[in-house]
Amino acid sequence: MKILVTSNLTEEILAPLRSAHEVVVNRNDFPLPRSEIIEKIRDKDGLLCSIVDRIDEELMSNAPNLKMIANIGVGYDNIKVPAASAREIKVSNTPGVLTDATADLAFALILSVARRLVEGDGRTRANKWGPWAPFVFLGTQVTGKTLGIIGLGQIGKAVASRAKGFRMPILYHNRNRIPENEELELGAKYVDLETLLRESDFVSLHVSLNDQSRSLIGTNEFELMKSSAFIINVARGPVIDENALVKALKEKKIAGAGLDVYEKEPQLAPGLAQLENTVLSPHMGSATVETRIAMAQLAVENLLAGLSGQRPPNCLNC
Ligand code: 8YV
């Protein structure tokens with residue numbers, strides 16, 4: 001069969017695909033222009049893609065042979081799954097393998113924004129330490145502060161287990177309450193969204209992007225948060241109304257933000273890049289060597305299974 005791989009993966013990772021199929025790979029670290037994907041997908045049976053590729057009805061209608069779309073990523077808001085289902089195209093994602101790396105980055109953002117690590121790095125490099133003084137250049141203590149987790153799925157739970165080491169009381173809000181024994185194990189207390197926003201010192205987002213979570217956090221939610229609180233987002237940018245965030249940060253409605261994802265990646269909302277009380281990373285939650293290899297391998301495994309008529313291990317619609 002014929003496969004299009006839109007990401008620049010190593011030959012080692014592609015080997016299982018190459019041994020059974022005809023594979024075309026984008027050998028560039030920039031996304032394939034949409035017109036090129038549409039052109040290249042025409043005769044393909046399988047597609048290995050990622051968040052930078054918008055896989056919608058128009059694209060699928062240009063791929064009459066397409067049987068399987070394997071996404072490299074746990075989030076799959078880049079793919080119109082119902083449109084794929086209507087065409088009997090299987091879709092898969094890569095859950096699990098990126099849980100720890102993403103939770104680690106959430107914690108890195110919590111620590112770096114609270115302790116002003118990036119600002120400190122800048123000062124050190126610029127040789128602008130200034131004199132030591134007891135109340136100059138202070139951050140916020142993380143240990144013992146309340147962490148509010150919105151979306152207690154695999155990644156949210158991994159963040160909660162890290163927070164235990166920092167003796168942080170944990171509040172969570174989720175579509176469904178998790179079983180009581182798990183709540184006890186994580187030390188996580190279920191609350192409504194308003195209570196979580198009012199009582200947390202750090203609010204960390206771990207929901208997937210859908211109609212319910214789009215713009216979940218906006219002006220009203222920032223009003224509810226403590227002026228000393230921080231917001232952390234390693235989930236999806238559009239969960240936060242980014243213009244409202246910039247306004248809230250400028251008006252000191254909240255103390256700071258640690259962000260890995262943005263509403264219109266790779267663009268930032270006007271004013272965001274100029275704010276000091278933010279730490280901004282370029283969507284790198286899963287960006288460790290180990291994790292990216294595991295994600296790509298899992299996507300390949302899903303694709304191979306789907307093309308051979310088996311159920312892919314992480315099928316989203318079969
Ligand atoms: C990926 C992510 O790097 O898995 C996800 O949902 O956001 C990241 O881990 C990205 O999706 C690549 O497709």
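Trainee: How do the residues of the shell around the ligand divide into nonpolar, polar and charged?

Mentor: Keep in mind that this is a predicted model. The ligand is surrounded by residues including Ile51, Ile72, Ser50, Gly73, Arg236 and Arg292. Sorted by class, the shell comes out as five nonpolar, five polar and two charged residues.

Trainee: Which residue has a polar side-chain atom 2.7 Å from an oxygen atom of the ligand?

Mentor: Let's set the backbone partners aside first. Isoleucine 51 brings a backbone N or O atom to 3.0 Å from a ligand oxygen, and glycine 75 has a polar backbone atom 2.7 Å from a ligand oxygen. The side-chain atom at 2.7 Å from an oxygen of the ligand belongs to histidine 283.

Trainee: And how much of the ligand does the protein bury?

Mentor: Good one to ask next! Start from the ligand taken alone, which exposes 320 Å². Of that area, the protein buries 89%.

Trainee: Moving to the helices, are α1 and α12 roughly parallel or roughly antiparallel?

Mentor: Helix α1 covers residues 11-20 and helix α12 covers residues 289-307. Their axes come within 10 Å and cross at roughly 5°. Angles under 35 degrees count as roughly parallel, so α1 relative to α12 is roughly parallel.

How values were computed:
Residues are numbered from 1 along each chain as its sequence is written. This is a predicted model: local features need pLDDT of at least 70, side-chain atom pairs count only at pLDDT 80 or more; totals for chains, interfaces and linings use all residues. Side-chain values use heavy atoms; hydrogens and water are left out. A residue is near a molecule or strand if one of its heavy atoms lies within 4 Å of it. A polar contact is a pair of N or O atoms within 3.5 Å; within protein, one must be able to donate a hydrogen and the other to accept it, and residues adjacent in sequence count only if both atoms are side-chain atoms. Accessible areas come from the Shrake-Rupley method with a 1.4 Å probe; for residues, only the protein chains shown count as cover. Ala, Val, Leu, Ile, Met, Phe, Trp, Tyr, Cys and Pro count as nonpolar, Asp, Glu, Lys and Arg as charged, and the others, Gly among them, as polar. Axes are lines fitted to C-alpha atoms, for helices over the stretch in contact, and angles run from 0 to 180 degrees between N-to-C directions. Helices (H or I, at least four residues) and strands (E, at least two) are DSSP runs, numbered from the N terminus. Angles under 35 degrees count as roughly parallel, over 145 as roughly antiparallel, 65 to 115 as roughly perpendicular and the rest as oblique.
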